[in-house]
Amino acid sequence: MKNYIYILIFVILLGACTSELDQINPNVITQENFWKSENDLLLGLAATYKTLKSKNTGYYNNNGTAVQNARGDDFYIRNDVSDLYRLSTFVNASTNGKVGQIFEGAYNGIFRANQIIENTPNIEELDDLEKKAYIAEAKFLRGLNYFYLVINFGDVAIVTDVPTSKNDYFKNKSPESDVWTQIENDFNDAKEGLPVSYSSEWVGRVTKGAAIGFLGKAYLYQQKWGLAEAEFKIILDVNGYSNTPYTYDLLADYAQNFEKEYDNNKESLFEIQLQNVGGTVVGGTENSSESQGSVSGQFYAPAEVGGWFEAFPTNKIFNEFQEEKTVSNDFDPRMYASIVWDYPNAVFYNKPFSEYTLLFGFNSMIKKYQNWKDNDELIQISEINEKVLRFSDILLMQSEALIMQGQVNEAYPYLNRVRERANLLPLSLGKTNEEMMKEIRHQRMIEFFREGHRFYDLKRWGLLEQEIQNSDKVGKEFYDSSKEYLPIPADELNNNINW
């Protein structure tokens, strides 16, 4: 009965349209009364950062990290989540829900960034320099989302304004080269407007160093080696240390990068802030009860500690870690930090490794980004920040940019810094370009396991088919060159008349 009454009242009010009814409720946030203050901008930025870690659509929560890593020759996704298994085994389809969610999340971030870019000039309490910084921050986030779109989907729609009509939503696809130009423009603008650092209150917000690093990375992905080198040189000196005013450095202990006690450390140029706050809901769409942490810990943990054991390292990466022993004749410390296997006195979640059951014929389990010092992952919500760009990546990318320009001798200091942190002997002069690139490929594979780089590295090197076939990856027989990109989601194809 109450429903009928409410409907009747609504119809009466609708029919009795007067000027008194055409008013804005001051207690409700609308487009007309928002975007008036700096606090509104901060709320908008928080919502834009949030798209990167949302549980379903975020690039840095469990589904997103699975999509990033699933197709590499170092990663196995089991068949529990059918869409992720299909992705991992190269059975691509435009109806894949996980792919659709990542696509949606990127455009959500772009839409929110565009709102900030358009509305910041109208905030009267800010001076021009402050406005420039806010716009730069939003442009970095927009450029980052386009970076993830272009490396995954290739040709996509470029949207740089807030839609004002229905037709504005239906953009044409742009060629991949144009998307890269948009990314370069956004990162260049971010580089010019962002501060080098923030006060402790704002740790985690993107800085000038991150914009420079990603601009260099965008150039590297396009094989613009000289431009990439020039960007990395802003941060790096000739010995592989930071230039003033930048203070980035490698942590002495590689493993600390993936422990929550060392979040936002000196090796990190940009990372996703994860905390067990905001609520207890770890699934579904964005809402006020959604946790600001991640479920990635439980997603990858073994069943014996309450995990969902959704993925495992392939035996190919297990063997790759063992290619070179340290100066003390031990395994590479990155192997101990990244995976766990049956070595003497191995302990995982405070249990002897012998108490775990290895599955699917693999020799190891994922350790990186796991809360493995706890007893289990039953809390579901992990607080370990996802490291988006680390200083070791800058060092290895600079090495690669120099090698690809024939400047092999200049590449040694940067490459050797990564090797020396791993307690490996420095490389001696005299290696050829191909020998140095082989070393780069090896170092990137073991340095960034589970960090979402491997598939995209192989793609830009033109080695995807070769390395996938030369692996124990399940589904490798289904790989062909059409699988270099993810399919545009069916929902977009069905709804966008211009695609």
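Predicted model: local features only at pLDDT ≥ 70, side-chain atom pairs only at ≥ 80, totals over all residues.

Reader: How many salt bridges does the whole structure hold?

Author: A search of the whole structure finds 36.

Reader: Why is the contact of Lys191 with Glu231 called a salt bridge?

Author: The closest N and O atoms of Lys191 and Glu231 are 3.0 Å apart. The cut-off is 4 Å between a Lys or Arg side-chain nitrogen and an Asp or Glu carboxyl oxygen, so the pair qualifies.

Reader: What makes this pair a tie between separate parts?

Author: Lys191 belongs to helix 7, residues 176-193, and Glu231 to helix 9, residues 225-235. The pair therefore ties together parts that are 40 residues apart in sequence. Both Lys191 and Glu231 are buried.

Reader: Why does the pair Asp249 and Lys266 count as a salt bridge?

Author: The N to O distance of Asp249 and Lys266 is 3.9 Å. The limit is 4 Å, so the pair counts. Both residues lie in the loop between helix 9 and strand 4, 17 residues apart.

Reader: Why is Lys266 called partly exposed?

Author: Lys266 has a relative accessible area of 42%. Buried needs under 20% and exposed needs over 50%, so Lys266 falls in between.

Reader: Where do Arg460 and Asp457 lie?

Author: Both sit in helix 16, residues 454-461. They are three residues apart, about one turn of the helix.

Reader: How do you know whether Arg460 and Asp457 are buried or exposed?

Author: Arg460 has 12% relative accessibility. Asp457 has 2%. Buried means under 20%, so Arg460 is buried, and so is Asp457.

Reader: Which residues do salt bridges with shared partners join into one network?

Author: Glu267, Asp332, Arg334, Lys368, Arg390, Arg421, Glu447 and Glu451.

Reader: Why is Glu137 called buried?

Author: Glu137 lies in helix 6, residues 128-153. Its relative accessibility is 1%, under the 20% limit, so Glu137 is buried. Residues that Glu137 touches include Leu45, Tyr49, Tyr198 and Arg205.

Reader: How do you know that the span of helix 7 agrees with expectation?

Author: At 1.5 Å a residue, its 18 residues should span 26 Å. The end C-alpha atoms are 26 Å apart, so the span agrees.

Reader: What covers the buried residues of helix 7?

Author: The cover includes helix 6, strand 2, strand 3, helix 8 and helix 9. Among the buried residues are Trp180, Phe187 and Lys191.

Terms used: Residues numbered from 1 in each chain as written. Heavy atoms only, no water. Helix = DSSP H or I, 4+ residues; strand = E, 2+ residues; numbered from the N terminus. Buried < 20%, exposed > 50% of the residue type's maximum accessible area, 1.4 Å probe, protein only. Contact = heavy atoms within 4.5 Å. Expected span 1.5 Å × (residues − 1). Lists of a residue's contacts leave out its neighbours within four places in sequence.
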